[in-house]
Number of protein chains: 2
Amino acid sequence: LDPAPEDPIFELYMHDLLGGSSPTARPITGLLGNIYNGQVPFAKQIGFTPPENGIAIPNANGALPTVNGINGVPLGTGLSGTAYSGQNLNGIQTQLGPDGLSLGFGTITVIDDILTSGPDLGSQPLGKAQGVYVASSADGSTQMMAFTAMLEGGEYNDNLNFYGIYRIGSAMSHLSVTGGTGRFKNACGFAEVRPLIPSGQHEVDGAESLLRIIVHLKY
Amino acid sequence: LDPAPEDPIFELYMHDLLGGSSPTARPITGLLGNIYNGQVPFAKQIGFTPPENGIAIPNANGALPTVNGINGVPLGTGLSGTAYSGQNLNGIQTQLGPDGLSLGFGTITVIDDILTSGPDLGSQPLGKAQGVYVASSADGSTQMMAFTAMLEGGEYNDNLNFYGIYRIGSAMSHLSVTGGTGRFKNACGFAEVRPLIPSGQHEVDGAESLLRIIVHLKY
């Protein structure tokens with residue numbers, strides 16, 4: 001191991017909003033039900049006559065009420081421990097949709113999350129985190145994350161790429177820095193990712209997952 | 001910054017063909033309509049009795065005519081600023097499908113694009129670019145790209161991996177080189193990506209997006 005641990009170069013706070021009126025993350029597809037008899041959800045149209053027994057994709061807006069009643073989080077998605085098929089994890093109560101199904105292993109969620117300098121959503125914006133996360137374990141405890149932190153402000157395009165497995169509900173996850181551009185040209189390194197409870201000062205009608213990302217870089 | 005800027009190691013021209021008779025990119029899934037009430041399209045089976053009015057995934061071959069009439073570009077996908085829901089961006093006219101929807105935020109497109117040494121599709125082929133791009137912003141202005149440039153010609157397998165955010169409609173985007181094999185073993189670096197107007201000498205019945213990729217490598 002390096003004798004002198006690299007001191008953290010900088011911190012990013014990532015806000016991932018699911019459901020509600022202006023989500024920053026969208027579950028795109030996934031297998032409903034448990035891993036072994038899941039079907040790909042077929043979205044129920046709004047206003048058209050839906051096919052007899054289309055399986056509604058639980059998304060927070062306008063689809064069948066297969067979302068968590070309280071904060072509209074699509075079941076079994078997100079970074080905050082929404083469990084699959086009805087388990088109740090750290091306070092976020094999830095219930096099955098009327099069809100008894102929730103999104104499970106393999107859900108692909110596309111993100112355009114907000115990066116700020118401090119834990120509060122209203123603190124100084126740094127840029128956007130764009131990419132995907134994929135539910136990568138049968139018990140719903142991990143998400144494979146691949147995204148680019150696009151940091152505005154620099155004269156040219158300062159981006160940092162992250163890749164790795166986020167462990168929902170655990171105090172610390174590690175992602176790798178797989179590259180960078182502009183100021184972060186040829187960067188490599190890793191990031192310590194810690195979930196925080198959103199301060200809630202900033203009124204949000206979706207479910208916010210807040211991640212503190214401490215970036216250690218080596219060029 | 002390094003004192004001596006790395007001189008561009010080499011150039012790749014990437015041809016991304018959507019729609020038409022032999023597309024090199026295929027939109028696999030995505031949310032129809034705008035980000036807030038999108039549904040996942042349901043691919044129409046061929047040969048089975050399809051559900052009465054499943055939402056056809058807008059792809060150019062054999063699906064409902066939900067593609068751009070002129071060049072068969074699936075709506076709201078691609079690297080050339082095909083806007084969502086009917087806007088008309090830099091000349092590519094997109095109209096809504098009969099169901100009034102076009103693919104939006106979160107569209108996942110799989111690519112097997114053609115790499116050549118010069119801007120013309122007919123110039124000397126270098127290999128293939130295989131991977132995915134994902135529409136990673138609500139306004140459709142960026143695509144997260146993750147692909148491998150597989151360069152034939154070398155005695156063994158020369159590959160280069162790229163990851164980052166492509167900004168549709170902007171003159172320059174930056175992707176990172178996240179690794180390589182064969183000749184590019186242990187490579188890192190970045191690439192400047194510029195959109196070009198295809199020369200059109202080579203008859204193409206789909207919509208071509210042409211990217212000039214200038215690769216700067218460090219080993």
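**Charged pairs, cysteines and cores**

In this predicted model, the side chains of Arg212(B) and Glu11(B) meet in a salt bridge at 2.6 Å, N to O (a side-chain nitrogen of Lys or Arg within 4 Å of a carboxyl oxygen of Asp or Glu). Arg212(B) lies in strand β9 of chain B and Glu11(B) in strand β1 of chain B, so the pair ties together parts that are 201 residues apart in sequence (strands are DSSP runs of E, at least two residues, numbered from the N terminus). The model is predicted, and local features need pLDDT of at least 70, side-chain atom pairs pLDDT 80 or more, while totals for chains, interfaces and linings use all residues. Residues are numbered from 1 along each chain as its sequence is written, chains are lettered from A and ligands numbered from 1 in the order written, and side-chain values use heavy atoms, without hydrogens and water.

In chain A, Asp112(A) and Lys128(A) form a salt bridge of 3.2 Å, N to O, which joins strand β3 to strand β4 of chain A. Asp112(A) is buried at 8% relative accessible area, whereas Lys128(A) is partly exposed at 28% (buried is under 20%, exposed over 50%, partly exposed in between, with a 1.4 Å probe and protein chains only).

The whole structure holds zero disulfides (cysteine sulfur pairs within 2.5 Å), and the sulfur of Cys188(A) is 6.8 Å from its closest cysteine sulfur, in Cys188(B), too far for a bond.

The largest nonpolar core has 28 residues, among them Leu12(B) and Phe147(B) (buried Ala, Val, Leu, Ile, Met, Phe, Trp, Tyr and Cys residues joined through side-chain atoms within 4.5 Å).

Notes. Helix = DSSP H or I, 4+ residues; strand = E, 2+ residues; numbered from the N terminus.
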